[in-house]
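I opened my notebook today to look over a protein model piece by piece. Here is what I looked up, in the order I went.

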Amino acid sequence: MIKVLIAEDQHVIRTALATLLGLEPDLHVVADVGTGDGVVPAAMVHLPDVAVLDIDMPGTDGLTAAGLLRAGLPTCRTLMLTGHGKPGLLRRALREKVDGFVLKSAPPDQVIDAIRKVHAGERVLDAGLAVTAWDLADDPLTPREKDVLRLLADGAEVPEISRRLHLSAGTVRNHLTAIVAKLDARGRTDAVRIAREAGWI
């Protein structure tokens, strides 16, 4: 019996997935959580064999949760199930050493098969995304530039970014200029779009 933990913030999807997996004779859902912050605590209690994690969740995102889970419960394998097929996210998932990456648009039997393969020690990657990610340029942004860009993406203006990151307004503007140049963007809004589509923020 393969013990499965599900982390998905949308209740309907989480419930439907748990019901679907429960119909399989060799799969048993031992826990389901709606936030990334709940992954590790639930895993330490229920000791799942495979964690099926959404990427976009409140608080800790799924990829960060996968890294924390690997450190806290290394016997648990991780399968990312996401609606975002961005190649940059796949590259980040590979860096986090997740065991599988499947889109939510995949047929149910493909998701079930992926869980079994991941449990058996195989790596499961969406073939089309793997080819795209291979050709994708490495993330050119520094961690500080990403901090600035994330706040900008959330609607913060230069003074607020400056205050929240404890930087001068001039330094924030310099970071934004560098970001636009590195991403070959038309402007700040375009830089946010490019970075999001690549999965860098």
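**Entry 1: the overall build**

I began with the secondary structure and found 10 helices and six strands in the protein chain. Helices (H or I, at least four residues) and strands (E, at least two) are DSSP runs, numbered from the N terminus. I noted that this is a predicted model, where local features need pLDDT of at least 70, side-chain atom pairs count only at pLDDT 80 or more, and totals for chains, interfaces and linings use all residues. Residues are numbered from 1 along each chain as its sequence is written, and side-chain values use heavy atoms, with hydrogens and water left out.

Next I looked up the dimensions: the C-alpha trace spans about 60 × 35 × 30 Å along its principal axes. The accessible surface of the chain is about 10,000 Å², and carbon and sulfur atoms hold 55% of that surface. Such areas come from the Shrake-Rupley method with a 1.4 Å probe; for residues, only the protein chains shown count as cover.

How much of the chain is buried? Of the 201 residues, 45% are buried. Here buried means under 20% relative accessible area, exposed means over 50%, and partly exposed is in between (1.4 Å probe, protein chains only).

I also checked contacts, meaning heavy atoms within 4.5 Å. Among contacts with a separation of 6 or more, 65% are between residues 24 or more positions apart.

**Entry 2: D54**

I turned to D54, which UniProt lists, in an unreviewed entry, for "modified residue: 4-aspartylphosphate". UniProt positions are given in the numbering used here, feature names are shortened, and annotations may be inferred rather than shown by experiment.

Where does D54 lie? I found D54 in the loop between β3 (50–53) and α3 (62–72). D54 has a relative accessible area of 4%, so it counts as buried. Leaving aside neighbours within four places in sequence, I found D54 in contact with A7, E8, D9, G62, M80, L81, T82 and K104.

Two of those names came back in my next look-up: E8, D54 and K104 are linked in a network of salt bridges. A salt bridge is a side-chain nitrogen of Lys or Arg within 4 Å of a carboxyl oxygen of Asp or Glu.

**Entry 3: more salt bridges**

How many salt bridges does the structure hold? I wrote down 13.

One of them joins E145 and K182, with the closest N and O atoms 2.9 Å apart. This pair links distant parts of the chain, with E145 in helix α7 (residues 143–153) and K182 in helix α9, 37 residues apart. E145 is buried at 5% relative accessibility, whereas K182 is partly exposed at 39%.

Another joins E160 and R164, where the closest N and O atoms are 3.2 Å apart. Why are E160 and R164 separated by about one helical turn? Because they are four residues apart in helix α8 (residues 158–165). E160 is partly exposed at 28% relative accessibility, and R164 is partly exposed at 48%.

R193 is partly exposed, with a relative accessible area of 36%, while D190 is buried, at 9%.

I stayed with α10 and listed its buried residues: D190, A191, V192, I194, A195 and A198. V180 sits in helix α9 (residues 169–182), and its relative accessible area of 19% means that V180 is buried. Beyond its neighbours within four places in sequence, V180 is in contact with A185, G187, R188 and A191. The C-alpha atoms of V180 and V192 are 9.0 Å apart, and 12 residues separate the two along the chain.

Last, I looked at phi. Most residues other than glycine have a negative phi. H166 is not a glycine, yet has a positive phi of about 55°. H166 is in the loop between α8 and α9 and is exposed, with a relative accessible area of 71%. D184, in the loop between α9 and α10, also has a positive phi, near 55°. D184 is exposed as well, at 69%. Just after α10, G199 takes a positive phi of about 80°.
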